[in-house]
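Dear colleague,

I am passing on the structure below, and after it you will find my notes on what was found. Please read them alongside the coordinates.

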Amino acid sequence: MDPSRGFDGTADVVIEGKRISCVGPDAARSITGERVRVIDATGCWVVPGFIDLHVHFREPGQEYKEDIESGLRAAAAGGFTSVCPMPNTRPVNDTRAITEMMMARARAAGGPRLYPIAAATIGSSGKLLTEMSDLREAGAVGVSDDGHCLMNAGVMRRALEYARTFDLVFSQHCEDHDLTAGAQMHEGEVSTRLGLGGWPRAAEDVIVARDLVLAEATSARYHVAHVSSLGAVRLLREAKSRGMAVTAEVTPHHLTLTHDALLGYNTACKVNPPLRELEDREALRQALKDGTIDCIATDHAPHSSLEKDCEFEAASPGMIGLEPAISVLLDLVREGFLTPLRLIEVMSTAPAKVARLPGGSLREGEAADIAVIDPNRTWTLAPGALRSRSTNTPLLGQTLRGQVVLTLVDGATVHAL
Ligand SMILES: [Zn+2]
């Protein structure tokens with residue numbers, strides 16, 4: 001499947017060295033020789049490697065949850081060949097030195113490509129802009145204060161102007177913190193029943209609305225991280241209908257779960273933004289289908305049992321997402337909601353476009369960044385089966401259907417079952 005060409009059929013993919021040299025029915029038939037390696041992918045999907053615009057690898061500072069090496073191994077196992085780590089490490093990735101250190105650690109680890117998203121403001125504290133020119137030179141592809149929302153409209157405007165100057169995408173964590181003070185989960189029937197502080201949809205929607213105004217005024221590349229509310233979907237749809245170049249991502253958990261998952265105070269389902277209601281989930285699915293939402297990002301957020309095996313209000317938000325992503329998302333195909341090609345597009349071709357990254361295509365001449373998926377293989381998500389250093393997911397112990405059996409980066413195997 002190659003969404004960049006709208007191709008979904010049976011074909012051979014020929015790789016020479018680091019690149020794809022030929023794709024087509026019987027393209028490999030006449031290629032023989034001692035040094036030719038044949039990978040039989042019968043019954044499997046051969047797709048462009050996935051690209052995740054939103055992961056948390058916790059290095060520097062909290063390597064007991066995940067580090068760049070373990071994060072990249074988890075990414076490879078999930079079929080991801082490029083990942084964008086968010087800057088909310090300790091310290092925050094707000095300088096050239098930290099961006100360069102992350103890039104160097106990724107090179108040493110090998111595996112998927114790492115494209116950091118650096119902080120938009122120093123310490124992500126929302127006050128002073130970072131040196132975006134330096135950050136870009138060091139390898140950052142975007143800026144964000146993820147984990148926090150850039151609340152000050154004046155600083156946000158200047159951040160967008162600055163990001164545009166250096167051709168960086170601005171990814172916003174849309175949350176009006178004044179509206180979410182004390183929030184533990186989505187504000188609704190379930191939060192009332194559980195007696196937990198609510199995170200109203202409005203807190204997301206007002207920031208998306210404000211940012212769309214600022215993004216239009218500055219012509220910046222504005223991207224909404226982890227959309228979760230139907231109101232945000234409406235605002236995005238309206239903006240796109242007027243031709244605005246805004247983009248957006250949605251997580252696998254917001255596409256598949258609702259706030260009902262929190263009944264029983266399951267801290268594995270505590271995420272930010274929170275799991276919302278059925279009508280939000282349906283709006284997100286529809287938006288992904290019709291292109292209002294561009295792509296899927298996992299928001300892979302590893303935490304140890306210290307942060308999760310505790311009372312609900314003390315638990316940190318977030319769940320791991322790289323390794324189970326395709327298994328969970330295949331349900332959308334099995335339910336007939338997405339075509340296989342659209343699912344692969346929102347995992348590879350579309351995110352490449354949003355962040356202007358290489359990849360997301362199986363065209364001849366492209367780097368051989370490829371995932372091979374067996375859509376029917378079953379596996380049990382047990383701690384021992386994960387490459388991630390953390391196991392915080394509500395799927396723990398469940399048997400899932402569909403798994404990545406091989407991942408190649410630059411033609412080299414970075415994951416194989
Ligand atoms: Zn966030």
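**The sheet and the helix on it**

Strand β13 (residues 247-250) and β14 run parallel and are joined by two bridges, where helices (H or I, at least four residues) and strands (E, at least two) are DSSP runs numbered from the N terminus, and two strands pair if DSSP finds at least two bridges between them. Before going further, please note that this is a predicted model, in which local features need pLDDT of at least 70 and side-chain atom pairs count only at pLDDT 80 or more, while totals for chains, interfaces and linings use all residues. Residues are numbered from 1 along each chain as its sequence is written, and side-chain values use heavy atoms, with hydrogens and water left out.

**The zinc site**

The zinc ion is coordinated by D146 (OD), H173 (ND1) and H226 (NE2), at 2.0 to 2.3 Å; donors are N, O and S atoms within 2.8 Å of the metal (3.2 Å for Na, K and Ca), and water is not among the atoms, so sites may look incomplete. The spacing of the donor residues in sequence is D-x26-H-x52-H. H173, in the loop between β9 and β10 (185-186), and H226, in the loop between β12 and α7 (230-241), are 53 residues apart and link distant parts of the chain. H173 is buried, with a relative accessible area of 3%, and for H226, also buried, the value is 3% (buried means under 20% relative accessible area, exposed over 50%, partly exposed in between, with a 1.4 Å probe and protein chains only).

**A loop residue**

T258 lies in the loop between α8 (252-256) and α9 (278-290), and T258 is buried, with a relative accessible area of 12%. Leaving aside neighbours within four places in sequence, T258 is in contact with L275, R276, E277, L278 and R281.

Terms used. Contact means heavy atoms within 4.5 Å.
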